[in-house]
Amino acid sequence: MHKRAIGAAAITGVAALLMSACGGTSTPAAKPSGSATTAAVPSPSTSGPPVRDAAADLVIWADADRVPIIQKYADAFGKENSIKVAVQVATDVRQQFKDATKVNKGPDVIVGAHDWLGELVQNNTVAPVNLSADVAAKFAAQAIAATKFNGQGYGVPYAVENIGLVRNTALAPTAPASMDALVSEGRALVKSGKASQTLVQEVGKTGNAYYTYPYLKAFGGGIFATKANGDYDAAKVIVNSAGSLKGAAVLQSLGKAKALSTNVDGTNSDALFDAGKVPFYITGPWAIDKAKKANIKYAISPLPALTGGGKMQPFLGVQMFYVSAKAKNAAFAQEFVTNYVPREDVQLALFEAGHRPPALTSAYDKVSATDTDVKAWFEAGQGGQPMPNIPAMNSVWGPLGQAAADVIAGKSQPKARFDAAQKEIVANIAKG
């Protein structure tokens with residue numbers, strides 16, 4: 001994903017990022033007769049779903065960035081097992097997978113974000129994936145944790161992503177220690193004519209809860225309380241807790257200072273920073289390729305601290321491979337996911353699509369030794385927790401995002417607006 005993507009249904013707010021698992025890998029069923037083949041990657045000419053190749057023994061759906069990489073390993077897997085493997089581009093993997101699986105026309109394996117997990121399990125569309133304890137131990141602990149729901153593993157991770165502070169080093173050679181220092185420095189640059197605005201961060205007219213969360217977490221707030229075992233508790237929403245309200249007050253002050261604006265969203269944030277007139281950009285790895293093409297000299301650092309609180313901690317998003325609960329040949333699907341995806345060469349190849357820190361520790365160590373950006377993103381995510389993968393999270397995105405947007409725009413006071421968001425989220429969760 002190029003941007004931190006939230007599903008269309010989630011944007012409306014209705015139900016709709018580093019253990020050990022027991023058991024071993026599945027043994028593939030008897031190999032079909034015939035030579036191994038791999039279907040050609042289709043070019044997505046429309047936004048419609050891919051049509052499963054009825055002749056394929058194994059079908060994998062992923063986005064356009066990852067398909068060419070997966071293709072290489074699908075070819076090898078097909079040849080080794082004398083089967084036909086089809087790797088197809090899905091423009092909306094999550095929704096298209098759910099829709100196709102309902103009518104038994106879905107893929108066997110999909111690639112996507114870990115926060116889809118609770119909903120996919122609830123809808124009985126994904127199958128457990130049991131990594132052996134020794135293989136699971138080769139991954140970052142938080143990455144493995146993100147693949148679990150109710151204690152059961154449902155996938156194999158390959159990348160971890162989070163937001164941080166990207167700065168234009170021509171304007172801001174050093175990282176500000178606090179948000180107050182950032183605003184002060186940015187406003188001085190604007191006043192001198194060197195910068196057009198202080199800070200770029202996606203907000204938009206309907207808000208963006210993903211970018212809102214770190215402000216709440218800096219004061220001990222957030223979205224859900226956690227249970228004794230560390231799982232998120234959908235029965236305890238803390239959007240209007242004392243800590244969350246302190247974070248909301250910071251959002252209000254940043255709106256008043258014109259550091260944050262609802263006029264900045266996913267359609268223009270990259271372009272604003274890449275014009276070279278903005279010192280600071282709160283974003284993730286997906287924005288870096290464009291900045292490089294624009295010849296922006298940049299550096300990445302952790303999100304700044306908030307006065308009276310602590311450092312903002314971003315959500316961690318984990319990208320992973322899932323196995324369909326209705327896979328045509330579950331054994332081959334499990335074999336590919338549990339034996340191919342954990343390989344270092346596969347993890348390193350997938351790193352090339354988006355340059356997110358690899359989930360496999362040895363792959364991360366290898367790329368971080370030569371890629372300073374990877375190390376910087378990892379450090380920016382230190383202390384972060386995986387985004388909730390429980391179904392109740394789908395009830396949060398819209399209400400929390402809109403509450404933050406309204407506060408930033410000066411339309412509402414933090415307490416009243418976040419109280420309303422809390423009430424709406426709780427009601428949405430109750431509706432199921």
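This is a predicted model: local features need pLDDT of at least 70, side-chain atom pairs count only at pLDDT 80 or more; totals for chains, interfaces and linings use all residues.
**Aromatic pairs**

A search of the whole structure returns 12 aromatic pairs. In one of them, the ring centres of F77 and Y340 lie 5.3 Å apart and the planes meet at 85°, so the pair is edge-to-face. An angle over 60 degrees is what places a pair in that class.

Y210 and Y211 make another edge-to-face pair, with 5.4 Å from centre to centre and 90° between the planes. Y210 has a relative accessibility of 1% and therefore counts as buried. Y211 is also buried, with a relative accessible area of 1%.

F77 and Y340 also belong to one aromatic cluster, which is formed by F77, Y158, F321, F332, F336 and Y340.

**Buried residues and their contacts**

V200 lies in strand β9 (residues 199-201). The relative accessible area of V200 is 0%, so V200 is buried. Once neighbours within four places in sequence are left aside, V200 is in contact with V264, S269, L272, F273, V278, F280, Y281 and I282. V166 is 34 residues from V200 in sequence, and the C-alpha atoms of the two are 9.7 Å apart in space.

L260 is placed in the loop between α9 (242-256) and α10 (269-274). Although in a loop, L260 counts as buried, because its relative accessibility is 3% and the limit for burial is under 20%. With residues up to four places away in sequence not counted, L260 touches L199, Q201, V203, Y215, L251, L254, G255 and I408. One of these, L199, is 61 residues from L260 in sequence, with a C-alpha to C-alpha distance of 6.8 Å.

V160 is part of strand β7 (residues 156-161). At 3% relative accessibility, V160 is counted as buried. The C-alpha atom of V160 is separated by 5.7 Å from that of G317, and the two residues are 157 residues apart along the chain.

Q422 is found in helix α17 (residues 414-431). Its relative accessibility is 13%, and Q422 therefore counts as buried. Leaving out residues up to four places away in sequence, Q422 touches V237, I238, V239 and N240.

The C-alpha separations given above are collected here.

| Residue pair | Separation in sequence | C-alpha to C-alpha distance |
|---|---|---|
| V200 and V166 | 34 residues | 9.7 Å |
| L260 and L199 | 61 residues | 6.8 Å |
| V160 and G317 | 157 residues | 5.7 Å |

**Positive phi angles**

S82 is not a glycine, yet has a positive phi of about 55°. S82 lies in the loop between α2 and β3 (84-89). With 25% relative accessibility, S82 counts as partly exposed.

N104 is likewise not a glycine and has a positive phi of about 60°. The position of N104 is in the loop between α3 (93-102) and β4 (109-113). N104 counts as exposed, because its relative accessibility is 60% and the exposed class starts over 50%.

**The largest cavity**

Rolling a probe the size of a water molecule over the atoms shows where empty space is left. The largest cavity has a volume of about 60 Å³. Its lining consists of P285, I288, D289, K292, G354, H355, D371, D373 and W377. By class, the lining has 3 nonpolar, 2 polar and 4 charged residues.

Helices α11 (288-293) and α15 (372-380) each supply at least two residues of this lining. The largest share, 3 residues, comes from α11.

Technical notes. Residues are numbered from 1 along each chain as its sequence is written. Side-chain values use heavy atoms; hydrogens and water are left out. Rings of Phe, Tyr and Trp (its six-membered ring) pair if their centres lie within 6.5 Å; planes under 30 degrees apart count as stacked, over 60 as edge-to-face and the rest as tilted. Buried means under 20% relative accessible area, exposed over 50%, partly exposed in between (1.4 Å probe, protein chains only). Helices (H or I, at least four residues) and strands (E, at least two) are DSSP runs, numbered from the N terminus. Contact means heavy atoms within 4.5 Å. On a 1 Å grid over the protein atoms alone, a cavity is a set of points where a 1.4 Å probe fits but cannot get out, and a pocket is an open set with protein on both sides within 12 Å along at least five of seven lines; lining residues have an atom within 4 Å of a point. Grid points are joined across faces, edges and corners, and a volume is the space filled by probe spheres set on the points. Ala, Val, Leu, Ile, Met, Phe, Trp, Tyr, Cys and Pro count as nonpolar, Asp, Glu, Lys and Arg as charged, and the others, Gly among them, as polar.
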